[in-house]
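Let's take a friendly look at how charged side chains pair up in a protein. Keep the structure in view as you read the points that follow.

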Amino acid sequence: MASREGFLTEGQREMLRIATENADVMSSLPLASSPKSTGPRSPSQTSFVLSENHHVKAPNGGQSAAAGGVAVRHVRRSHSGKSIRVKKDGAGGKGTWGKLLDTDGESFIDRNDPNYDSGGEPYELVGSTVSDPLDEYKKAVVSIIEEYFSTGDVEVAASCLKELGSSEYHPYFVKRLVSMAMDRHDKEKEMASVLLSALYADVINPTQIRQGFFMLLESADDLAVDILDTVDILALFIARAVVDDILPPSFIPRARKMLPETSKGFEVLQTAEKSYLSAPHHAELVERRWGGSTHLTVDEVKKKIAELLREYVENGDASEARRCIRQLGVPFFHHEVVKRALVLAMEISTAEPLIRKLLKEAADEGLISSSQMVKGFTRLAESLDDLALDIPSAKTLFQTLVPQAISEGWLDASYVKPLGENGEKPDKNDEKLFRYKEEVVIVIHEYFLSDDIPELIRSLEDLGAPAYNPIFLKKLISLAMDRKNREKEMASVLLSALHIEIFSTEDMVNGFVMLLESAEDTALDILDASNELAFFLARAVIDDVLAPLNLEEIASKLPPNCSGSETVHVAQSLIAARHAGERILRCWGGGTGWAVEDAKDKIQKLLEEYESGGVVSEACQCIRDLGMPFFNHEVVKKALVMAMEKKNDRMLDLLQECFGEGLITINQMTKGFNRIKDGLDDLALDIPNASDKFEFYVNHARERGWLLPVFG
């Protein structure tokens with residue numbers, strides 16, 4: 001049998017000989033063996049050396065020196081027996097021929113050489129910048145914030161942020177928005193707070209809001225280097241966020257535990273809690289700290305219009321007046337310019353030619369549209385009766401102005417003075433309806449002055465037109481929206497009282513439908529009509545005037561493509577928000593009128609005190625002190641429910657005393673019994689014999705004349 005050497009070439013034999021010699025050398029070197037291993041080298045170690053020095057794959061997979069654990073340089077033995085350490089790349093040392101293909105001159109690649117291979121070309125690694133998504137996001141939000149500070153357009157800012165995507169980076173938006181506002185004026189600080197409230201939940205989720213504010217607290221020390229009063233400003237931002245319900249009050253103690261006590265962020269939290277959130281009436285103080293609303297209110301626009309018209313009458317510069325009108329940037333509110341200009345022409349007879357000239361030139365150049373001009377004349381026509389109190393000749397002057405305007409071409413010839421309100425086209429022959437509208441305007445104005453709900457209810461009952469209740473609701477809210485927050489709050493309070501006393505839920509639904517159908521016309525008079533209508537709807541739900549399902553009913557009654565549908569959607573979003581009840585109850589400042597929940601709590605407490613052994617006369621006095629005779633049906637309802645629960649008919653004695661004194665009227669008593677009757681099914685779940693007890697109470701009430709004959 002042939003030996004295994006017969007299969008080796010001469011080159012392979014030489015390679016094996018060199019490997020054997022190297023193995024002998026390495027075994028004698030201290031680096032080649034482990035301190036713990038004194039035995040002969042294993043075949044794998046020998047293979048490793050072979051693979052390392054001759055680039056031949058070893059049987060064990062060809063591990064590299066780094067992986068194999070032995071780092072030695074190639075060593076060879078000369079013929080003289082001396083060990084020669086080979087240079088890197090095998091170039092050899094003194095007395096050697098050098099490495100393969102070494103030449104004295106510099107080598108270069110000849111692209112014209114027939115053996116040229118492009119793969120041998122030296123190449124350079126060209127570095128490319130890898131974009132960081134977070135850096136891109138930060139750059140983009142800066143431009144969004146800058147644009148928002150310039151325009152004040154919340155909707156555009158929200159839309160841009162949505163289009164930007166990368167919602168996981170929204171905490172950085174919160175941080176950037178607040179930090180940029182901190183270094184600017186109060187206007188921008190207020191705008192930043194307004195934008196955060198608008199983005200809350202819809203665009204930026206609550207967790208991201210908290211994360212953003214915590215990042216601000218962590219960087220408070222750095223911010224303080226550039227902004228001297230960082231602690232106070234950031235504390236106010238956090239207090240405002242708590243007041244606006246976009247940060248929970250628990251955020252402060254939780255964040256405090258995660259910050260060093262020596263940090264500025266810790267100081268910010270202490271300032272927010274002690275200086276702002278612990279003060280009496282802190283919500284109102286915090287909301288007004290930076291000047292309140294960032295947008296022009298109706299009153300401010302009207303004031304600017306009045307000023308520019310007065311200046312025009314004094315200097316007669318029509319081009320300057322038109323420039324001022326254009327600069328207002330409220331083309332949808334130009335009807336107010338028309339109305340006030342006409343009133344001024346009536347007040348100052350010498351100003352009439354100037355006013356006609358201004359309106360004609362504004363109409364000719366398209367500054368005031370035809371529809372706005374007609375709207376201005378219409379609004380003036382509707383208020384002529386009130387205007388005649390100050391300007392006796394108002395009606396005569398108006399009748400003169402209309403044909404002049406038509407003949408001069410700045411009022412449409414088809415103009416006809418309507419008798420109805422915004423969006424209404426009543427039959428002119430229906431004198432009863434026309435008279436009703438005139439009367440209720442007077443009643444509403446008196447209510448805004450006196451805040452006397454019982455008197456208003458009596459006035460409505462005297463009018464004796466329950467079929468027109470939706471029209472009253474529409475007129476009430478329309479008048480309130482054009483006034484201050486006090487009147488808006490009073491209107492909401494009145495709706496609660498009317499629903500309890502004389503208005504049905506159907507009246508409320510139909511009234512809101514009428515309002516929403518004419519929302520576009522209402523917006524001509526009131527800049528923020530859509531949002532205010534949404535708050536009225538949401539407030540009606542919170543006050544139990546409407547049920548949440550009624551909003552869907554209202555939306556279903558609106559015509560297709562009606563802008564009022566969007567208002568209903570906004571109202572539903574307001575109601576669905578966290579802490580919606582508190583926010584909506586104080587949307588117009590609160591505290592100026594009667595709150596349903598407070599009244600219910602007081603009634604519950606006085607009945608509990610009476611049931612536990614109180615005196616009838618004292619309970620009657622407490623009911624009288626409530627000062628809400630239109631809400632006494634709630635006393636009847638709660639008293640009957642308590643009598644059922646306690647199995648104690650003592651409450652009937654209280655009702656008898658209240659009825660005998662005239663404290664609770666027969667209407668209120670009947671209303672209370674009706675409310676129990678409507679809720680009997682629910683009561684029966686807690687009180688199994690509720691139906692039997694109620695039947696007993698009804699018979700008891702009829703015997704004593706508490707109920708109207710129509711009951712039952």
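Searching the whole structure turns up 24 salt bridges. Keep in mind that this is a predicted model. As background, side chains of opposite charge can pair when their charged atoms come close. Here are some of the pairs to look for.

**A link between distant parts of the chain**
- R356 and E408 join their side chains in a salt bridge, at 2.6 Å from N to O.
- This pair ties together distant parts of the chain, 52 residues apart: R356 sits in helix 17 (residues 352-364) and E408 in helix 20 (residues 394-408).
- R356 is partly exposed, with 22% relative accessibility, and E408 is also partly exposed, at 25%.

**Pairs within one helix**
- E455 and R458 form a salt bridge with an N to O distance of 3.0 Å.
- Both belong to helix 22 (residues 453-463), and because they are 3 residues apart there, about one helical turn separates them.
- E455 is partly exposed at 36% relative accessibility, and R458 is partly exposed at 43%.
- K557 pairs with E553 in another salt bridge, where the closest N and O atoms are 3.6 Å apart.
- These two residues lie 4 residues apart in helix 28 (residues 548-557), so they are separated by about one helical turn.
- K557 has a relative accessible area of 37%, which makes it partly exposed, while E553 is partly exposed at 32%.

**A network**
- Salt bridges also link R322, R326, E361 and E365 in a network.

Conventions: Residues are numbered from 1 along each chain as its sequence is written. This is a predicted model: local features need pLDDT of at least 70, side-chain atom pairs count only at pLDDT 80 or more; totals for chains, interfaces and linings use all residues. Side-chain values use heavy atoms; hydrogens and water are left out. A salt bridge is a side-chain nitrogen of Lys or Arg within 4 Å of a carboxyl oxygen of Asp or Glu. Buried means under 20% relative accessible area, exposed over 50%, partly exposed in between (1.4 Å probe, protein chains only).
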